[in-house]
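Student: Could you take me through the sheet in this model, strand by strand, and then show me what packs around it?

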Amino acid sequence: MVSSYRLTKQAKMIKTDDFSSVFSFRKRVASEHLIVHYLPNQQALARLGLVIGKKTAKLAVSRNYMKRVLRELFRYKQHEITHVDLIVRVQKKFNQSEFKQIKQEFDVLMTKLNHKAMLNTQKVTLAPSAQLQERS
RNA sequence: GAAGCUGGCUAGACAGUCGCCGCCUAGCAAUAGGGGGAGGAAAGUCCGGGCUGCAAAGAGCAGGAUGACGGCUAACGGCCGUACAUUGAAAUGUUUGCUGGCGAAAGCUGGCAAAUUAUAAAAUGCGGAAUAGGGCCACAGAGACGAGUAAAUUGCGCUUCGGCGCGAUGGAUGUGAAACGCGGUAACCUCCAUCUGCAGCAAGACCAAAUAGGCUGGCAUUGGCGUGGCUCGCGCCGCCAGCGGGUAGGUUGCUUGAGCGCAUAAGUAAUUAUGCGCCUAGAUGAAUGACUGUCAGCCUUAGUAAUAAGGUAUACAGAACCCGGCUUAUCGGCCAGCUUCACUU
RNA sequence: GUCCCCAUCGUCUAGAGGCCUAGGACACCUCCCUUUCACGGAGGCGACCGGGGUUCGAAUCCCCGUGGGGACG
(Lines give C-alpha, C1' and ligand atoms only; values in the text may rest on other atoms or scores of the structure.)
Protein backbone atom coordinates (compact mmCIF):
# COMPACT_ATOMS: atom_id res chain seq x y z
CA MET A 1 0.00 0.00 0.00
CA VAL A 2 1.44 3.34 -1.05
CA SER A 3 1.31 5.92 1.69
CA SER A 4 0.57 9.07 -0.30
CA TYR A 5 -2.83 9.90 -1.75
CA ARG A 6 -1.32 12.45 -4.09
CA LEU A 7 -2.76 12.91 -7.54
CA THR A 8 0.21 13.29 -9.84
CA LYS A 9 0.24 14.74 -13.34
CA GLN A 10 0.97 11.32 -14.80
CA ALA A 11 -2.39 10.11 -13.58
CA LYS A 12 -4.20 12.64 -15.75
CA MET A 13 -5.19 11.89 -19.29
CA ILE A 14 -4.85 14.85 -21.59
CA LYS A 15 -4.31 13.82 -25.19
CA THR A 16 -7.06 13.19 -27.67
CA ASP A 17 -5.42 9.96 -28.79
CA ASP A 18 -5.70 8.45 -25.30
CA PHE A 19 -9.36 9.38 -25.11
CA SER A 20 -10.22 7.96 -28.51
CA SER A 21 -8.35 4.72 -27.83
CA VAL A 22 -10.28 4.21 -24.61
CA PHE A 23 -13.55 4.89 -26.38
CA SER A 24 -12.68 2.50 -29.18
CA PHE A 25 -12.08 -0.31 -26.67
CA ARG A 26 -15.86 -0.14 -26.17
CA LYS A 27 -16.01 -1.49 -22.61
CA ARG A 28 -17.96 0.34 -19.97
CA VAL A 29 -19.86 0.20 -16.70
CA ALA A 30 -22.65 2.58 -15.81
CA SER A 31 -24.81 3.78 -12.96
CA GLU A 32 -27.54 6.38 -12.65
CA HIS A 33 -25.28 9.45 -12.94
CA LEU A 34 -22.00 8.08 -14.27
CA ILE A 35 -20.66 6.09 -17.20
CA VAL A 36 -17.12 4.74 -16.93
CA HIS A 37 -15.17 3.63 -20.00
CA TYR A 38 -11.95 1.76 -19.43
CA LEU A 39 -8.91 0.29 -21.14
CA PRO A 40 -6.14 -1.73 -19.44
CA ASN A 41 -2.81 0.07 -19.82
CA GLN A 42 0.87 -0.91 -19.59
CA GLN A 43 1.79 1.62 -16.91
CA ALA A 44 2.07 1.05 -13.20
CA LEU A 45 -0.90 3.22 -12.24
CA ALA A 46 -4.47 4.03 -13.08
CA ARG A 47 -5.16 7.11 -15.16
CA LEU A 48 -8.22 9.33 -15.12
CA GLY A 49 -9.97 11.36 -17.80
CA LEU A 50 -13.15 13.33 -17.32
CA VAL A 51 -15.82 14.23 -19.84
CA ILE A 52 -18.60 16.57 -18.83
CA GLY A 53 -20.40 18.20 -21.70
CA LYS A 54 -22.28 21.44 -21.76
CA LYS A 55 -25.41 19.43 -22.37
CA THR A 56 -25.41 17.84 -18.92
CA ALA A 57 -24.90 21.13 -17.02
CA LYS A 58 -25.10 24.57 -18.54
CA LEU A 59 -23.24 26.44 -15.81
CA ALA A 60 -19.46 26.37 -15.57
CA VAL A 61 -19.69 26.32 -11.79
CA SER A 62 -21.54 23.04 -11.60
CA ARG A 63 -19.34 21.44 -14.26
CA ASN A 64 -16.22 22.37 -12.32
CA TYR A 65 -17.75 21.10 -9.09
CA MET A 66 -18.46 17.71 -10.65
CA LYS A 67 -14.90 17.47 -11.97
CA ARG A 68 -13.48 18.26 -8.56
CA VAL A 69 -15.64 15.74 -6.79
CA LEU A 70 -14.82 12.97 -9.23
CA ARG A 71 -11.13 13.74 -9.05
CA GLU A 72 -11.33 13.59 -5.26
CA LEU A 73 -13.05 10.22 -5.30
CA PHE A 74 -10.48 8.89 -7.74
CA ARG A 75 -7.69 10.21 -5.51
CA TYR A 76 -8.91 8.20 -2.54
CA LYS A 77 -9.37 5.01 -4.53
CA GLN A 78 -6.48 5.20 -6.96
CA HIS A 79 -4.41 2.45 -5.37
CA GLU A 80 -7.31 0.05 -5.16
CA ILE A 81 -8.03 0.28 -8.87
CA THR A 82 -6.17 -1.94 -11.30
CA HIS A 83 -3.99 -0.35 -13.94
CA VAL A 84 -6.50 0.97 -16.43
CA ASP A 85 -7.24 4.16 -18.28
CA LEU A 86 -10.57 5.45 -17.08
CA ILE A 87 -12.89 7.95 -18.66
CA VAL A 88 -15.70 9.05 -16.42
CA ARG A 89 -18.62 10.61 -18.20
CA VAL A 90 -21.36 12.38 -16.31
CA GLN A 91 -24.74 11.42 -17.63
CA LYS A 92 -26.99 13.34 -15.28
CA LYS A 93 -26.01 16.39 -13.32
CA PHE A 94 -25.63 16.34 -9.54
CA ASN A 95 -24.91 18.90 -6.83
CA GLN A 96 -23.61 19.03 -3.28
CA SER A 97 -26.65 17.49 -1.65
CA GLU A 98 -26.20 14.30 -3.71
CA PHE A 99 -22.55 13.81 -2.79
CA LYS A 100 -23.05 10.71 -0.66
CA GLN A 101 -25.02 8.97 -3.35
CA ILE A 102 -22.34 9.77 -5.91
CA LYS A 103 -19.65 8.40 -3.63
CA GLN A 104 -21.55 5.18 -3.23
CA GLU A 105 -22.12 4.89 -6.98
CA PHE A 106 -18.45 5.47 -7.66
CA ASP A 107 -17.39 2.78 -5.17
CA VAL A 108 -19.80 0.28 -6.64
CA LEU A 109 -18.58 1.03 -10.13
CA MET A 110 -14.96 0.63 -9.14
CA THR A 111 -15.47 -2.77 -7.56
CA LYS A 112 -17.38 -3.88 -10.64
CA LEU A 113 -14.65 -2.56 -12.87
CA ASN A 114 -11.90 -4.29 -10.92
CA HIS A 115 -13.74 -7.52 -11.25
CA LYS A 116 -14.27 -7.15 -15.00
CA ALA A 117 -10.80 -5.86 -15.73
CA MET A 118 -9.24 -8.86 -14.06
CA LEU A 119 -11.10 -11.09 -16.45
CA ASN A 120 -10.18 -8.90 -19.39
CA THR A 121 -6.47 -8.82 -18.64
CA GLN A 122 -6.46 -12.59 -18.67
CA LYS A 123 -8.12 -12.52 -22.06
CA VAL A 124 -5.69 -9.89 -23.34
CA THR A 125 -2.66 -11.91 -22.34
CA LEU A 126 -4.14 -14.87 -24.17
CA ALA A 127 -5.04 -13.01 -27.36
CA PRO A 128 -2.14 -11.35 -29.22
CA SER A 129 -4.40 -9.28 -31.54
CA ALA A 130 -5.58 -7.07 -28.66
CA GLN A 131 -1.98 -6.29 -27.76
CA LEU A 132 -1.29 -5.19 -31.29
CA GLN A 133 -4.24 -2.89 -31.13
CA GLU A 134 -2.94 -1.41 -27.93
CA ARG A 135 0.51 -0.75 -29.39
CA SER A 136 -0.93 1.12 -32.34
C1' G B 1 -42.61 56.11 14.70
C1' A B 2 -45.18 55.16 9.69
C1' A B 3 -45.00 55.40 4.30
C1' G B 4 -42.27 56.19 -0.28
C1' C B 5 -37.39 56.40 -2.29
C1' U B 6 -31.90 56.80 -3.16
C1' G B 7 -26.82 55.42 -2.31
C1' G B 8 -22.85 52.52 -0.13
C1' C B 9 -20.60 48.08 2.33
C1' U B 10 -20.68 42.70 2.94
C1' A B 11 -21.34 37.93 0.42
C1' G B 12 -21.13 33.11 6.78
C1' A B 13 -16.86 32.97 10.69
C1' C B 14 -13.09 30.03 13.36
C1' A B 15 -10.25 25.39 14.10
C1' G B 16 -8.56 20.50 12.35
C1' U B 17 -7.49 16.13 8.64
C1' C B 18 -6.57 14.68 3.48
C1' G B 19 -5.58 17.02 -1.26
C1' C B 20 -4.94 20.97 -5.94
C1' C B 21 -2.00 25.51 -8.61
C1' G B 22 1.92 29.29 -8.77
C1' C B 23 6.08 31.89 -5.81
C1' C B 24 10.47 31.92 -2.26
C1' U B 25 14.30 29.03 0.60
C1' A B 26 17.11 24.30 1.27
C1' G B 27 18.28 19.88 -1.59
C1' C B 28 21.53 16.15 -7.23
C1' A B 29 16.59 14.40 -6.71
C1' A B 30 12.50 12.46 -4.03
C1' U B 31 10.83 15.96 -0.80
C1' A B 32 10.60 19.50 3.46
C1' G B 33 9.52 24.48 5.37
C1' G B 34 7.35 29.47 4.62
C1' G B 35 3.85 32.52 2.31
C1' G B 36 -0.29 33.37 -1.45
C1' G B 37 -4.66 31.61 -4.30
C1' A B 38 -11.81 33.95 -7.90
C1' G B 39 -16.23 38.21 -8.25
C1' G B 40 -19.66 42.23 -7.51
C1' A B 41 -21.20 40.94 -11.15
C1' A B 42 -15.41 37.22 -12.95
C1' A B 43 -21.42 36.90 -17.06
C1' G B 44 -23.58 39.30 -21.70
C1' U B 45 -19.73 41.17 -25.22
C1' C B 46 -23.29 46.56 -25.54
C1' C B 47 -19.64 50.97 -25.57
C1' G B 48 -14.76 53.32 -24.52
C1' G B 49 -9.40 52.94 -23.86
C1' G B 50 -4.34 50.79 -22.86
C1' C B 51 -1.13 47.11 -25.31
C1' U B 52 0.50 44.51 -30.02
C1' G B 53 0.88 44.02 -35.44
C1' C B 54 -0.17 46.02 -40.19
C1' A B 55 4.78 52.05 -42.83
C1' A B 56 6.05 56.48 -37.16
C1' A B 57 -0.07 54.52 -40.03
C1' G B 58 -0.11 59.20 -44.57
C1' A B 59 -4.19 61.97 -47.80
C1' G B 60 -9.20 61.84 -49.72
C1' C B 61 -14.00 59.53 -50.45
C1' A B 62 -17.46 56.04 -48.72
C1' G B 63 -19.24 53.87 -44.21
C1' G B 64 -20.18 54.03 -38.77
C1' A B 65 -21.28 56.42 -33.92
C1' U B 66 -23.12 60.49 -30.90
C1' G B 67 -26.41 64.89 -30.33
C1' A B 68 -30.60 70.21 -24.63
C1' C B 69 -26.59 73.41 -22.04
C1' G B 70 -22.12 73.31 -18.97
C1' G B 71 -18.43 70.33 -16.59
C1' C B 72 -15.38 65.57 -15.27
C1' U B 73 -12.26 61.95 -17.58
C1' A B 74 -6.96 58.53 -20.80
C1' A B 75 -11.60 57.99 -23.47
C1' C B 76 -16.79 57.07 -23.85
C1' G B 77 -23.00 56.19 -26.11
C1' G B 78 -20.35 56.74 -19.10
C1' C B 79 -20.72 60.06 -14.67
C1' C B 80 -22.08 64.97 -12.26
C1' G B 81 -24.81 69.68 -12.18
C1' U B 82 -28.64 72.88 -14.39
C1' A B 83 -33.02 73.68 -17.55
C1' C B 84 -37.41 71.50 -20.08
C1' A B 85 -41.19 67.51 -20.83
C1' U B 86 -43.72 63.07 -18.95
C1' U B 87 -44.65 60.03 -14.75
C1' G B 88 -44.78 60.11 -9.60
C1' A B 89 -47.99 58.96 -2.28
C1' A B 90 -55.40 57.15 -0.38
C1' A B 91 -49.53 60.63 3.67
C1' U B 92 -51.82 65.62 3.44
C1' G B 93 -55.43 69.01 1.31
C1' U B 94 -60.40 69.92 -1.16
C1' U B 95 -65.44 68.36 -2.42
C1' U B 96 -69.64 65.06 -1.96
C1' G B 97 -72.53 61.20 0.51
C1' C B 98 -73.68 58.20 4.94
C1' U B 99 -73.13 58.23 10.18
C1' G B 100 -71.65 59.27 15.72
C1' G B 101 -70.70 62.64 20.08
C1' C B 102 -71.24 67.61 22.65
C1' G B 103 -74.67 71.76 22.54
C1' A B 104 -80.97 75.38 23.65
C1' A B 105 -79.09 77.11 18.98
C1' A B 106 -75.18 78.96 15.97
C1' G B 107 -71.59 75.69 15.66
C1' C B 108 -67.42 72.42 17.25
C1' U B 109 -65.30 67.57 16.82
C1' G B 110 -64.65 62.45 14.94
C1' G B 111 -65.48 57.61 11.73
C1' C B 112 -66.39 55.24 6.83
C1' A B 113 -66.83 55.43 1.41
C1' A B 114 -66.17 57.79 -3.35
C1' A B 115 -64.12 61.47 -6.55
C1' U B 116 -60.31 64.90 -7.60
C1' U B 117 -56.40 68.87 -7.97
C1' A B 118 -51.65 70.43 -6.80
C1' U B 119 -47.36 68.31 -5.92
C1' A B 120 -42.43 66.00 -2.53
C1' A B 121 -38.33 62.63 -2.60
C1' A B 122 -37.39 60.20 -6.98
C1' A B 123 -37.56 57.83 -12.03
C1' U B 124 -37.48 58.18 -17.40
C1' G B 125 -36.57 60.96 -22.01
C1' C B 126 -33.89 64.79 -25.04
C1' G B 127 -29.99 68.45 -31.61
C1' G B 128 -31.93 71.40 -36.24
C1' A B 129 -34.46 71.17 -41.19
C1' A B 130 -41.82 77.36 -43.12
C1' U B 131 -35.59 79.40 -44.19
C1' A B 132 -31.01 73.15 -48.21
C1' G B 133 -33.50 69.16 -50.88
C1' G B 134 -36.09 64.39 -51.73
C1' G B 135 -39.58 60.44 -49.92
C1' C B 136 -44.03 58.75 -47.13
C1' C B 137 -48.80 60.01 -44.54
C1' A B 138 -53.46 53.67 -44.74
C1' C B 139 -58.96 54.34 -43.28
C1' A B 140 -62.09 58.66 -43.34
C1' G B 141 -62.54 63.04 -46.26
C1' A B 142 -64.14 67.73 -51.51
C1' G B 143 -58.98 68.12 -50.58
C1' A B 144 -52.76 65.09 -47.55
C1' C B 145 -49.35 70.36 -49.05
C1' G B 146 -50.18 70.55 -55.92
C1' A B 147 -54.72 72.53 -55.83
C1' G B 148 -59.75 72.98 -54.90
C1' U B 149 -65.66 71.84 -53.05
C1' A B 150 -71.29 72.16 -51.26
C1' A B 151 -74.46 75.13 -47.70
C1' A B 152 -74.05 80.29 -44.64
C1' U B 153 -72.65 85.69 -44.33
C1' U B 154 -70.81 89.65 -47.11
C1' G B 155 -68.57 92.94 -51.31
C1' C B 156 -68.57 93.81 -56.65
C1' G B 157 -70.52 92.82 -61.59
C1' C B 158 -74.48 90.73 -64.73
C1' U B 159 -79.75 89.63 -64.67
C1' U B 160 -85.04 86.95 -68.31
C1' C B 161 -85.52 89.14 -60.80
C1' G B 162 -85.74 82.48 -60.48
C1' G B 163 -80.57 83.32 -59.86
C1' C B 164 -75.32 83.27 -62.04
C1' G B 165 -69.85 84.55 -61.99
C1' C B 166 -65.55 86.34 -59.14
C1' G B 167 -63.26 87.62 -54.30
C1' A B 168 -63.12 87.57 -48.80
C1' U B 169 -64.55 85.55 -43.92
C1' G B 170 -65.03 82.37 -39.99
C1' G B 171 -67.03 77.76 -39.30
C1' A B 172 -69.06 72.32 -40.41
C1' U B 173 -68.01 66.86 -41.95
C1' G B 174 -64.20 63.36 -41.31
C1' U B 175 -58.55 62.96 -39.37
C1' G B 176 -52.97 61.23 -35.31
C1' A B 177 -52.30 66.07 -37.83
C1' A B 178 -54.89 70.94 -40.97
C1' A B 179 -58.68 74.93 -43.81
C1' C B 180 -52.77 77.14 -45.51
C1' G B 181 -49.85 77.86 -40.07
C1' C B 182 -45.70 76.55 -45.51
C1' G B 183 -48.65 70.33 -40.90
C1' G B 184 -46.43 65.39 -39.06
C1' U B 185 -42.36 61.98 -39.76
C1' A B 186 -35.32 62.60 -39.78
C1' A B 187 -34.88 55.50 -34.05
C1' C B 188 -36.96 57.16 -43.66
C1' C B 189 -32.85 59.15 -47.02
C1' U B 190 -30.23 63.44 -46.40
C1' C B 191 -28.05 68.12 -44.38
C1' C B 192 -25.23 70.55 -39.81
C1' A B 193 -21.55 69.86 -35.59
C1' U B 194 -18.08 66.45 -33.12
C1' C B 195 -15.46 61.78 -33.18
C1' U B 196 -13.75 57.62 -36.09
C1' G B 197 -7.84 53.47 -40.28
C1' C B 198 -8.22 47.89 -39.64
C1' A B 199 -7.61 43.73 -36.67
C1' G B 200 -7.41 41.48 -32.17
C1' C B 201 -3.19 38.05 -26.71
C1' A B 202 -5.76 32.10 -31.01
C1' A B 203 -2.54 39.94 -31.41
C1' G B 204 2.70 39.58 -31.64
C1' A B 205 7.99 37.73 -30.56
C1' C B 206 11.56 33.65 -29.89
C1' C B 207 13.14 28.32 -29.89
C1' A B 208 12.63 23.32 -31.64
C1' A B 209 10.69 19.85 -35.12
C1' A B 210 8.58 18.93 -39.77
C1' U B 211 7.10 20.08 -44.70
C1' A B 212 8.15 22.73 -49.10
C1' G B 213 10.96 25.28 -52.99
C1' G B 214 5.97 19.46 -55.88
C1' C B 215 1.89 18.53 -60.00
C1' U B 216 -2.29 20.70 -63.03
C1' G B 217 -4.91 25.09 -64.80
C1' G B 218 -5.14 30.49 -65.25
C1' C B 219 -3.03 35.64 -65.24
C1' A B 220 1.44 38.00 -65.89
C1' U B 221 5.31 44.01 -64.84
C1' U B 222 -0.16 49.28 -68.29
C1' G B 223 0.52 43.02 -63.30
C1' G B 224 -0.24 40.78 -58.44
C1' C B 225 -0.03 40.81 -53.05
C1' G B 226 0.25 43.38 -48.16
C1' U B 227 -3.53 47.11 -44.97
C1' G B 228 -10.49 42.18 -45.71
C1' G B 229 -15.02 49.01 -48.82
C1' C B 230 -12.59 52.29 -52.86
C1' U B 231 -8.69 55.74 -54.99
C1' C B 232 -3.81 57.66 -54.30
C1' G B 233 0.63 56.92 -51.63
C1' C B 234 4.11 53.34 -49.25
C1' G B 235 6.43 48.30 -48.92
C1' C B 236 7.43 43.45 -51.38
C1' C B 237 8.17 40.60 -56.15
C1' G B 238 5.71 36.43 -59.09
C1' C B 239 0.42 35.75 -57.82
C1' C B 240 -4.37 33.01 -57.74
C1' A B 241 -7.40 28.34 -57.81
C1' G B 242 -7.44 23.01 -57.37
C1' C B 243 -4.82 18.22 -56.02
C1' G B 244 -1.41 15.93 -52.75
C1' G B 245 1.37 16.28 -48.12
C1' G B 246 2.91 18.14 -43.11
C1' U B 247 2.54 20.51 -38.35
C1' A B 248 -0.85 21.55 -34.72
C1' G B 249 4.91 21.35 -29.21
C1' G B 250 7.59 24.73 -25.67
C1' U B 251 9.07 29.73 -23.79
C1' U B 252 7.42 34.70 -23.71
C1' G B 253 3.49 38.31 -23.91
C1' C B 254 1.50 37.48 -18.01
C1' U B 255 0.53 40.60 -14.25
C1' U B 256 2.90 47.11 -10.47
C1' G B 257 -1.62 49.13 -12.53
C1' A B 258 -5.34 55.64 -15.66
C1' G B 259 -3.66 50.14 -8.70
C1' C B 260 -5.77 50.03 -3.49
C1' G B 261 -6.47 52.23 1.60
C1' C B 262 -6.29 56.56 4.96
C1' A B 263 -5.78 61.85 5.87
C1' U B 264 -5.87 67.02 4.23
C1' A B 265 -7.20 70.79 0.58
C1' A B 266 -10.21 72.67 -3.90
C1' G B 267 -15.15 72.01 -6.03
C1' U B 268 -22.71 72.08 -5.26
C1' A B 269 -21.08 67.31 -7.38
C1' A B 270 -18.70 63.88 -10.75
C1' U B 271 -13.53 64.48 -9.88
C1' U B 272 -8.62 66.42 -9.04
C1' A B 273 -4.01 67.66 -6.21
C1' U B 274 -0.58 66.56 -2.15
C1' G B 275 1.32 63.39 1.83
C1' C B 276 1.77 58.52 4.18
C1' G B 277 1.18 53.26 3.95
C1' C B 278 0.48 48.49 1.10
C1' C B 279 1.56 44.54 -2.91
C1' U B 280 -3.39 41.77 -3.62
C1' A B 281 -4.44 34.78 -8.51
C1' G B 282 -1.76 33.85 -12.92
C1' A B 283 -4.21 28.36 -14.53
C1' U B 284 -3.65 26.47 -19.95
C1' G B 285 -7.97 19.05 -21.16
C1' A B 286 -7.72 24.75 -17.42
C1' A B 287 -5.78 25.31 -9.87
C1' U B 288 -9.99 27.24 -4.65
C1' G B 289 -12.29 20.89 -3.21
C1' A B 290 -14.13 16.91 0.34
C1' C B 291 -15.05 15.68 5.44
C1' U B 292 -15.48 16.80 10.89
C1' G B 293 -16.51 20.13 15.17
C1' U B 294 -18.31 24.94 17.42
C1' C B 295 -20.99 29.48 16.71
C1' A B 296 -23.92 32.50 13.42
C1' G B 297 -28.10 32.02 9.46
C1' C B 298 -32.72 29.72 7.49
C1' C B 299 -36.97 26.12 8.16
C1' U B 300 -40.21 23.01 11.44
C1' U B 301 -42.08 21.74 16.40
C1' A B 302 -42.80 23.04 21.76
C1' G B 303 -43.06 27.49 24.75
C1' U B 304 -46.11 34.10 26.74
C1' A B 305 -40.88 34.77 26.36
C1' A B 306 -35.82 33.62 27.28
C1' U B 307 -34.78 29.08 25.13
C1' A B 308 -34.71 23.74 23.76
C1' A B 309 -34.92 19.65 20.03
C1' G B 310 -34.63 18.17 14.94
C1' G B 311 -33.44 19.32 9.89
C1' U B 312 -30.70 22.23 5.99
C1' A B 313 -25.20 22.65 4.68
C1' U B 314 -26.69 28.40 2.19
C1' A B 315 -28.49 33.64 -3.28
C1' C B 316 -26.50 34.68 -8.21
C1' A B 317 -22.55 32.48 -9.82
C1' G B 318 -15.91 30.61 -11.39
C1' A B 319 -10.62 34.77 -13.43
C1' A B 320 -8.09 33.34 -18.79
C1' C B 321 -4.01 40.19 -21.61
C1' C B 322 -5.52 44.43 -18.45
C1' C B 323 -8.55 48.66 -17.07
C1' G B 324 -13.20 52.55 -17.09
C1' G B 325 -18.46 52.08 -17.67
C1' C B 326 -23.40 50.04 -19.17
C1' U B 327 -26.81 45.94 -18.98
C1' U B 328 -28.54 41.39 -16.96
C1' A B 329 -28.82 37.49 -12.53
C1' U B 330 -29.06 37.67 -7.03
C1' C B 331 -30.75 34.66 -0.57
C1' G B 332 -30.03 37.76 3.14
C1' G B 333 -27.58 41.29 6.63
C1' C B 334 -25.63 46.18 8.05
C1' C B 335 -25.02 51.52 7.52
C1' A B 336 -26.04 56.46 5.73
C1' G B 337 -29.13 60.09 3.45
C1' C B 338 -33.75 62.54 1.20
C1' U B 339 -39.19 63.72 1.10
C1' U B 340 -44.16 63.71 3.33
C1' C B 341 -47.12 62.86 7.64
C1' A B 342 -47.89 61.93 12.99
C1' C B 343 -46.18 62.44 18.13
C1' U B 344 -42.95 64.35 22.27
C1' U B 345 -39.80 68.36 24.23
C1' G C 1 -11.11 33.42 -25.16
C1' U C 2 -12.33 36.44 -29.54
C1' C C 3 -15.48 37.47 -33.70
C1' C C 4 -20.15 36.67 -36.30
C1' C C 5 -25.26 34.96 -37.74
C1' C C 6 -30.42 33.54 -36.91
C1' A C 7 -35.44 33.39 -34.45
C1' U C 8 -43.07 33.87 -37.77
C1' C C 9 -48.76 28.11 -36.69
C1' G C 10 -46.71 21.13 -34.77
C1' U C 11 -42.83 21.46 -39.44
C1' C C 12 -40.96 24.28 -43.94
C1' U C 13 -41.62 29.12 -45.17
C1' A C 14 -44.02 34.46 -47.50
C1' G C 15 -44.23 39.19 -45.65
C1' A C 16 -38.82 46.05 -47.47
C1' G C 17 -44.42 50.97 -41.47
C1' G C 18 -51.21 51.03 -42.83
C1' C C 19 -53.96 46.35 -48.11
C1' C C 20 -52.32 41.81 -41.58
C1' U C 21 -58.09 39.87 -37.46
C1' A C 22 -50.30 37.75 -40.54
C1' G C 23 -50.68 34.51 -46.44
C1' G C 24 -49.19 29.48 -48.54
C1' A C 25 -47.74 24.11 -48.39
C1' C C 26 -47.49 19.60 -45.37
C1' A C 27 -49.59 17.76 -40.74
C1' C C 28 -54.14 17.53 -37.25
C1' C C 29 -59.77 17.71 -36.56
C1' U C 30 -64.94 17.68 -38.72
C1' C C 31 -68.11 16.95 -42.96
C1' C C 32 -68.90 15.35 -48.24
C1' C C 33 -67.49 11.66 -52.12
C1' U C 34 -66.65 5.86 -51.82
C1' U C 35 -69.34 -0.67 -49.84
C1' U C 36 -64.52 0.81 -47.14
C1' C C 37 -59.38 2.93 -47.34
C1' A C 38 -56.48 6.17 -50.31
C1' C C 39 -56.97 10.35 -53.73
C1' G C 40 -60.12 14.58 -54.30
C1' G C 41 -63.61 18.71 -52.43
C1' A C 42 -65.51 22.11 -48.36
C1' G C 43 -64.74 24.08 -43.51
C1' G C 44 -62.02 24.54 -38.88
C1' C C 45 -57.85 24.65 -35.23
C1' G C 46 -53.22 26.96 -34.95
C1' A C 47 -47.78 31.52 -34.83
C1' C C 48 -44.79 37.13 -35.18
C1' C C 49 -38.78 34.59 -28.98
C1' G C 50 -39.56 38.19 -24.23
C1' G C 51 -39.53 43.37 -22.35
C1' G C 52 -39.06 48.61 -23.21
C1' G C 53 -38.92 52.84 -26.76
C1' U C 54 -39.69 55.88 -31.70
C1' U C 55 -44.32 56.70 -34.44
C1' C C 56 -51.04 58.53 -35.17
C1' G C 57 -49.89 53.24 -36.14
C1' A C 58 -44.75 48.30 -35.37
C1' A C 59 -43.93 41.12 -37.41
C1' U C 60 -41.09 45.18 -39.90
C1' C C 61 -37.29 50.70 -37.16
C1' C C 62 -34.00 51.37 -32.38
C1' C C 63 -32.24 49.44 -27.46
C1' C C 64 -31.77 45.54 -23.69
C1' G C 65 -32.26 40.46 -22.65
C1' U C 66 -33.45 34.86 -23.83
C1' G C 67 -32.57 30.65 -26.80
C1' G C 68 -30.11 28.28 -30.93
C1' G C 69 -26.12 27.89 -34.56
C1' G C 70 -21.22 28.93 -36.84
C1' A C 71 -15.85 30.44 -37.61
C1' C C 72 -10.63 30.69 -35.73
C1' G C 73 -3.88 29.57 -34.41
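Tutor: Let's start with Arg-28, whose bridge partner in strand 2 is His-37. Three bridges join strand 1 to strand 2, and these two run antiparallel. Strands here are DSSP runs of E, at least two residues, and helices are runs of H or I, at least four residues, both numbered from the N terminus; two strands count as paired if DSSP finds at least two bridges between them.

Keep in mind that this is a predicted model: local features need pLDDT of at least 70 and side-chain atom pairs pLDDT 80 or more, while totals for chains, interfaces and linings use all residues. Residues are numbered from 1 along each chain as its sequence is written, chains are lettered from A and ligands numbered from 1 in the order written, and side-chain values use heavy atoms, leaving out hydrogens and water.

Zooming out, the sheet is open, with four strands in the order 1-2-4-3 and mixed pairing. Strand 1 (28-30) and strand 3 (47-51) are the edges, each pairing on one side only. From one strand to the next, the twist averages 20° (angles run from 0 to 180 degrees between N-to-C directions of axes fitted to C-alpha atoms, for helices over the stretch in contact).

Helix 2 lies across strands 2, 3 and 4, at about 160° to strand 3. Ile-81 touches Phe-74, Leu-86 and Leu-113, among others, not counting residues up to four places away in sequence; contact means heavy atoms within 4.5 Å.
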